Amino acid sequence: MKIIDLRSDTVTQPTQAMRQAMANAPVGDDVFGDDPSINHLERSSAERFGFDEAIFVSSGTQANLLAIMSHCQRGEEYLCGQDAHNYRFEGGGAAVLGSVQPQPVANNSDGTIDLDLLKANIKPDDFHFAQTRLLSLENTIGGKVLPFEYLSQAQAFAFNHGLKIHLDGARVMNAAVKQNVQPQQIMQHFDSVSVCLSKGLAAPVGSLLLGDEATIAKARRLRKMLGGGMRQAGGLAAAGQIALDSMIDRLSEDHDNAEHLAKRLNEVDGIECDQQAVQTNIIFAKFNDGYDVQALAERLKPKGVVIYKGNPLRLVTHNDISRQDIDTFIDALKAHI
Ligand SMILES: *Cc1c(COP(=O)(O)O)cnc(C)c1O
């Protein structure tokens, strides 16, 4: 039985080409800088995306933490969205491990943060306050793509206020595909960018942090300190290389499938899905108030359909979900809701 897992694009299986590349990758001790596959991934991605350097790390969480800790010292702070992954879903790592205080600011419904609001949250140079050093944005955020014009406005804002600007670009490739631009056209507005290879791009493990030489040198030191120095990890980098070389363009299929899913969900009694809100591969299905989504998930599981819990329920399309799978999912929903 094929499993239809709509919880996240992190569930993607490595492709056959990735498995082959992993088996054959030349490897070495990366802590000594000796892993040819990791070196190639870091060098080629830095060049492609317009940065001095890149560092391959175990996860998006680690990439964001390294960025925040590289840009900010103890007792300083970073501005981010109230809904930011690196504020809400990363265990408070910046505060716990970096002694860097987050200053969350409300996200607008399109994922942007008002620049006036951000400005009001920059602390004056007064010893009562943590010093504001960094603005961190996220793109895509909740599946939404930041408007292209906003990127240059945010960049100018950061520059004018002496802040560094980081992008949590776990799904920045989805944003680029949706806006039909090269990823570097988005990334060029930021001092550093984290990118997940293990989500829609289907690599098994790993993220990249891109930045200038000084930032990545700091990140390399911090990565070791955090226990993130890996040894013969070139197999993972080889899969990540394929993710970047051949898995970006196909994300448009996931976006098309998400639209199809949103449309078909509205056929199901007791579910509403705002089709206009669907931009990339993440959609939210609203069940009637009080509906037990967890019990539904338990009924669907033996049928090979895996969903998360929550109302609204987040559903994510990816490389292992076909158009046919979505239709099968809708049939299962209709039968078990
Ligand atoms: C998934 C995700 C991360 C963290 O990535 P992990 O590899 O799961 O640690 C960071 N930011 C965003 C926006 C994400 O979606």
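**View 1. Glutamate 42 in helix H2.** Glutamate 42 is buried in this predicted model, with a relative accessible area of 7%. Here buried means under 20% relative accessible area, exposed means over 50%, and partly exposed lies in between, with a 1.4 Å probe and protein chains only. Glutamate 42 belongs to helix H2, residues 36-49. Helices (H or I, at least four residues) and strands (E, at least two) are DSSP runs, numbered from the N terminus. Apart from neighbours within four places in sequence, glutamate 42 is in contact with Ala54, Ile55, Phe56, Arg220 and Arg223; contact means heavy atoms within 4.5 Å. As the model is predicted, local features need pLDDT of at least 70 and side-chain atom pairs count only at pLDDT 80 or more, whereas totals for chains, interfaces and linings use all residues. Residues are numbered from 1 along each chain as its sequence is written, and side-chain values use heavy atoms, with hydrogens and water left out.

View 2. The expected span of a helix is 1.5 Å times one less than its number of residues. Ten of the 13 residues of H11 are buried, so this helix is largely enclosed by the rest of the structure. Among the buried residues are Gly234, Gly235, Gln241, Ile242 and Leu244. The buried residues of H11 pack against helix H1 (16-24), H2, strand E2 (53-57), helix H8 (172-179) and strand E8 (207-211).

View 3. The residues around the ligand include Ser59, Thr61, His85, Glu138, Arg171 and Cys196; a residue is near a molecule or strand if one of its heavy atoms lies within 4 Å of it. An oxygen atom of the ligand is 2.6 Å from an N or O atom in the side chain of threonine 61. Arginine 171 places a polar side-chain atom 3.0 Å from an oxygen atom of the ligand. For histidine 85, a polar side-chain atom lies 3.5 Å from a nitrogen atom of the ligand. On its own, the ligand has 380 Å² of accessible area, of which the protein covers 83%. Accessible areas come from the Shrake-Rupley method with a 1.4 Å probe; for residues, only the protein chains shown count as cover.

View 4. A disulfide is a covalent bond between the sulfur atoms of two cysteines. A search of the whole structure for disulfides, defined as pairs of cysteine sulfur atoms within 2.5 Å, finds zero. The sulfur of cysteine 72 is 11 Å from the closest cysteine sulfur, in cysteine 80, which is too far for a bond. Cysteine 196 is in no disulfide either, and the nearest cysteine sulfur, that of cysteine 80, is 17 Å away. Cysteine 72 is buried, with a relative accessible area of 3%, and cysteine 196 is buried, with a relative accessible area of 6%.

**View 5. Serine 322 and helix H14.** Serine 322 is found in the loop between E12 and H14 and is partly exposed, with a relative accessible area of 30%. Not counting residues up to four places away in sequence, serine 322 touches Lys2 and Asn257. Helix H14, residues 323-336, has 14 residues and reaches 20 Å from its first C-alpha to its last, close to the 20 Å expected at 1.5 Å a residue. The buried residues of H14 include Asp325, Phe329 and Leu333.

Definitions and conventions: Polar contact = N/O pair within 3.5 Å; in protein donor to acceptor, adjacent residues only side chain to side chain.
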